Amino acid sequence: MIGQSIIDLWHGFGVAVQPANLIWSLVGVLVGNLIGVLPGMGALSAISMLLPLTYAMHPIPAILMLAGIFYGSQYGGAIGAILLNLPCHPPHAVTCLDGYPLTQQGKAGTALGITMLSSFFAASVGITVMVLASPLLVRIAFKFGPPEIFSIMLLGLLSGATMSRGSPLKGVAMVVIGLLLSIPGTDVMTGIQRFTFGITNLDDGIELVAIALGMFGVAEFLRNVNSLNVAAAPIKMRLRDMRPSLAELRQAFMPMVRGTLVGTLFGAMPGTGPTITTFIAYAVERRLAKNPERFGKGALEGVAAPEAASHSKTQVDFIPTMSLGIPGDPVMALILGALLIQGIQPGPTLITDHADLFWGLIASFWIGNVLLLLLNVPLIGLWVKLLQVPYRFLFPSALFFIAVGVYSTNNNLFEVWEVLVFGIAGAIFIALDFPVAPILLGFVLGPLVEDNFRRSLLLSHGNMAVFFQQPISAGFMIVSILLVSIRLIIWVRKFV
Amino acid sequence: MTSNQSNLKDILGGGLMLVIGLGTCWQAAQYELGSLQQMGPGFFPMSLGVILAVTGLLILISGLRTAPEMPRMKWQPQWRGWLCICTSLVAFVVIGNFFGLLPATFSTVLIAAFGDRKNSLAAAIILAACMTLVCLIVFWWLLQVQFPLFKWG
């Protein structure tokens, strides 16, 4: 079976190096990196802003480009964290702790070099895991009926809701809001218009891009306007500075391996966000260090481990997304949405029905990560300059990109209204300390959850026990219940 | 002080969820509920509404008790910024609808730029002009967005 995977992967490389695919992958990595570097912009805003552009493209280049944007912007976020101490991208917030002190000590180049190496190493491990694990997972997934699909989605939603920091109840509320947002439009089973309030523009449902851009674009601008102060100091960086010394490499090697391990483990768990993963990787290093007091003052380990964790998680996250159709985090939810728009249903049949796309995507991860490495060495000077673009120029321009981007999804100005509404709603949620990311998870999974819930109970003649009768489904349900009760117990104990 | 504020957030947030949940239930009741075996279009939204209302109520109750303090972002009212950002999107729809893509682009960026106190009039105009140029080249010429550049009424 592993032999078959390697043959398939070889075929995938053939797909990924086709000039058209290669160019789009490169464009994705470049643009993602560019947007990720800009202050206040993360992977989510980068992907949602560029999602409309992919609608007119073929599925394979479209997905390759989106994946490129994803890991490109992730890498860009690390640059902002290390050079400017900008925790704008939550997964990289922990990198600031040691990355910025390194910059202050004039070792920014080393920090970036180590980041690059860790990212590349971790991504490679993640890709290998994906190659080996996906076909296995698919074999199991072929046995899934509606009850299994419903219970694994429930698990994904609940872990997505409760694994974020803060109150688990607030996460659950946001998941439910996301599920509710998926309801307006035509009911698939009866053909009735639900929750459209007589607005014909809502007959086809709410636009995914409008939610993403509103919640992660406009809402962030509303939060940051006149409050985000970026003190940009001129930084000079030369190529030579980026090559770490042998001693530094030795120092960073084990943290890199451990970080990769943490990222891989957490990537396999549906719903665990990237932020919590990087924080855990950092905590592990600090616990294991001989002299933990160095952390926070520029320890290379504190840069290598979280960055490795975030990159291996990124890759492993694609496994449940592609083979089960269950996104691990909001970014994956967006990529899943993009696939659905292209008319491709992610799930066990994806690997057989769209072998080109699946293996091409895996191969392009490797190629994309090499491109990223090659791009960042000569372009680092440009990124440093981009980091200094003032926010007061950035957000008005981004607002225009958002408006024209969301318009072009359906050539309909109504969607700009949707963006505005979700922007304001998102800002209110953020102000009240609700996590907005689970909304996207709920929205993308909503139709599937409802459909499989209704089907399961139709098949079981209305008997709710159906979710506990099959071993696989029962397993997912028990894990879900355990997860929620543990999280709730921890949370409730804070009050007593 | 901060702990009082966080409680207020929970009370307000929980209340908001409670209201949205109850509203959903009310709207879902307009559709056929059906039975567990043969669910109608109202069943799923109704259950979500109930879950949301209960969750909201729990958040509200937890807000009434003292919670341990957590580091929270400061949230100061930025009326000028908020107003400009919202108006700029409204301007894109309204001006785009009546006058076309280029005037809409210019006014969107211009209005949004006024939201930042550090932007001068000249800076805002220059930025808006640059973005209009970008719009012309990238969106109209390269990506061929279906949107007339200029129109009247």
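What radius of gyration would a compact globule with 496 residues have, and what does chain A have?

1. Overall size. This is a predicted model. For 496 residues, a compact globule would come out near 23 Å, and chain A has a radius of gyration of 22 Å, which agrees.

2. Make-up and packing of chain A. There are 20 helices and two strands in chain A. Burial applies to 60% of its 496 residues. Taking the contacts in chain A with a separation of 6 or more, 80% are between residues 24 or more positions apart.

3. A helix pair to look at. In chain A, helix 2 (residues 19-37) and helix 4 (residues 59-84) have axes that come within 6 Å and cross at roughly 30°. Angles under 35 degrees count as roughly parallel, so helix 2 and helix 4 of chain A are roughly parallel to each other. The crossing of helix 2 of chain A past helix 4 of chain A is right-handed. As for residue classes, this contact has 20 nonpolar and 13 polar residues, with no charged ones.

4. The A/B interface. Here 59 residues of chain B are in contact with 52 residues of chain A. On the chain B side, at least two residues each come from helix 1 (2-28), helix 2 (43-64), helix 3 (79-99), helix 4 (101-113) and helix 5 (121-142) of chain B. Helix 3 of chain B gives the most, with eleven residues. Sorted by class, the side of chain B that touches chain A has 33 nonpolar, 20 polar and six charged residues.

Conventions
Residues numbered from 1 in each chain as written. Chains lettered and ligands numbered in written order. Predicted model: local features only at pLDDT ≥ 70, side-chain atom pairs only at ≥ 80, totals over all residues. Contact = placed C-beta atoms within 7 Å. Helix = DSSP H or I, 4+ residues; strand = E, 2+ residues; numbered from the N terminus. Nonpolar A, V, L, I, M, F, W, Y, C, P; charged D, E, K, R; others polar. Rg over C-alpha atoms; globule rule 2.2 N^0.38 Å. Buried ≥ 20, exposed ≤ 12 C-beta atoms within 10 Å, placed from the backbone. Axes fitted to C-alpha atoms, helices over the stretch in contact; angles between N-to-C directions. Parallel < 35°, antiparallel > 145°, perpendicular 65-115°, else oblique. Left-handed = near helix turned anticlockwise from the far one by under 90°.
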